[in-house]
Amino acid sequence: MPVCDICNASMSFDDGYSITTKDVVLSTYYWEQALRGGFAGIHEQDPNGGEQLMQYIEQQAAQHAGWLVCEGCSKPLRFDRARARQLSEQQQSPPEAGPVAPRDVARYAAEAWKNLYGSEPRMTKFSDLIVGIDRDLKDVSVLRPDECERENK
Ligand SMILES: [Zn+2]
């Protein structure tokens, strides 16, 4: 039985949505779920956040595969629901699935962190970007892994 890639609940393809990394990681909802669930240890280990969160941002932004999400997790996200349901029923990933630039993801993770823990995480790499929280989403770019590497240095 498939499970939701965000909350890990068992689900069926007929009730799911097949969406892209961009649809998932460019949302505060996803990061709040992640920080409450699988990534909860980050804050426990380092209440100022930062280094480990950046690693997760890079790791999640780099997901090439499509994401399967359940009805509950689909609601706070924005995507074409009819199309995503059809792809899920067919057990297919969206053809445009692929990684996004970590710098575009960072502000959502930072916002979720702040909502949960009350203060901004300390992230040396992305700190300049988190200030620009009104960046236009249309700027979101898909980078090759070597470009990500370069950007992050
Ligand atoms: Zn879910």
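Modeller: Start with a cut-off. A residue is buried if 20 or more other C-beta atoms lie within 10 Å of its own. Exposed means 12 or fewer, and partly exposed is in between. Keep in mind that this is a predicted model.

Biologist: Then take Val-69. Is Val-69 buried or exposed?

Modeller: Val-69 is buried, because 26 C-beta neighbours lie inside 10 Å. Its place is in strand S2, residues 67-69.

Biologist: Which residues is Val-69 in contact with, leaving aside neighbours within four places in sequence?

Modeller: Cys-4, Asp-5, Ile-6, Gly-16, Tyr-17, Ile-19 and Ser-74. Look at Ser-18 too. Ser-18 is 51 residues from Val-69 along the chain, yet their C-alpha atoms are separated by 6.6 Å.

Biologist: Now the whole chain. What percentage of the residues is buried?

Modeller: Of 153 residues, 37% are buried.

Biologist: And how do the elements run from the N terminus on?

Modeller: The order is β-α-α-α-α-β-α-α-α-α-α. That comes to nine helices and two strands. Take the contacts between residues at least 6 apart in sequence: 81% of them join residues at least 24 apart.

Biologist: How should I read the confidence? What is the average pLDDT of the chain?

Modeller: The average is 85, and 82% of the residues score at least 70. Over residues 131-153, pLDDT stays under 50. The model has 23 contacts beyond four places in sequence for that stretch. Where pLDDT is low, the predicted coordinates should not be read in detail.

Biologist: On to the helices. Which residues of H2 are buried?

Modeller: H2 covers residues 28-36, and its buried residues are Tyr-30, Trp-31, Gln-33, Ala-34 and Leu-35. They pack against three helices: H1 (21-25), H3 (40-45) and H7 (102-117).

Biologist: How do I describe such a pair? At what angle do the axes of H2 and H7 cross?

Modeller: Two packed helices are described by the angle between their axes and the distance between the axes. For H2 and H7, the crossing is at roughly 55 degrees, with the axes coming within 8 Å. H2 is therefore oblique to H7. The crossing is right-handed.

Biologist: Which residues make that contact?

Modeller: H2 supplies Thr-28, Trp-31, Glu-32 and Leu-35. H7 supplies Tyr-108, Ala-109, Glu-111, Ala-112, Trp-113, Asn-115 and Leu-116. By class, the contact of H2 with H7 has seven nonpolar, two polar and two charged residues. Trp-31 and Leu-35 are listed both among the buried residues of H2 and in this contact.

Biologist: Next pair, H4 and H7. How do their axes cross?

Modeller: At roughly 130 degrees, and within 9 Å. H4 here spans residues 51-61. H4 and H7 are therefore oblique to each other. H4 passes H7 in a right-handed crossing.

Biologist: Which residues of H4 and H7 meet?

Modeller: Leu-53, Ile-57, Glu-58, Gln-60 and Ala-61 come from H4. Pro-102, Val-105, Ala-106, Ala-109 and Trp-113 come from H7. They divide into eight nonpolar, one polar and one charged. Note Ala-109 and Trp-113: H7 uses them against H4 and against H2.

Biologist: Back to the backbone. Which value of phi does Asn-8 have?

Modeller: Phi of Asn-8 is near 70 degrees, positive in a residue other than glycine. Asn-8 sits in the segment before strand S1 (17-19). It is partly exposed, because 13 other C-beta atoms lie within 10 Å.

Biologist: And Gln-91, what is its phi?

Modeller: About 55 degrees, again positive, and Gln-91 is not a glycine. Gln-91 lies in the loop between H6 (81-89) and H7. With 11 C-beta neighbours inside 10 Å, Gln-91 is exposed.

Biologist: Where is Ala-97 found?

Modeller: In the loop between H6 and H7. Ala-97 has 19 other C-beta atoms within 10 Å, so it is partly exposed. Leaving aside neighbours within four places in sequence, Ala-97 is in contact with Thr-20, Thr-21, His-64, Ala-65 and Gly-66. Trp-67 is 30 residues from Ala-97 in sequence and 8.6 Å away, C-alpha to C-alpha.

Biologist: Last one, Pro-47. Is Pro-47 buried or exposed?

Modeller: Exposed, because 12 other C-beta atoms lie within 10 Å. Pro-47 lies in the loop between H3 and H4. From Pro-47 to Arg-122 the separation is 75 residues in sequence and 9.4 Å in space, C-alpha to C-alpha.

Technical notes
Residues are numbered from 1 along each chain as its sequence is written. This is a predicted model: local features need pLDDT of at least 70, side-chain atom pairs count only at pLDDT 80 or more; totals for chains, interfaces and linings use all residues. Helices (H or I, at least four residues) and strands (E, at least two) are DSSP runs, numbered from the N terminus. Two residues are in contact if their C-beta atoms, placed from the backbone, lie within 7 Å. Axes are lines fitted to C-alpha atoms, for helices over the stretch in contact, and angles run from 0 to 180 degrees between N-to-C directions. Angles under 35 degrees count as roughly parallel, over 145 as roughly antiparallel, 65 to 115 as roughly perpendicular and the rest as oblique. A crossing is left-handed if the near helix is turned anticlockwise from the far one by less than a right angle, and right-handed if clockwise. Ala, Val, Leu, Ile, Met, Phe, Trp, Tyr, Cys and Pro count as nonpolar, Asp, Glu, Lys and Arg as charged, and the others, Gly among them, as polar. pLDDT is the predictor's confidence in each residue, from 0 to 100.
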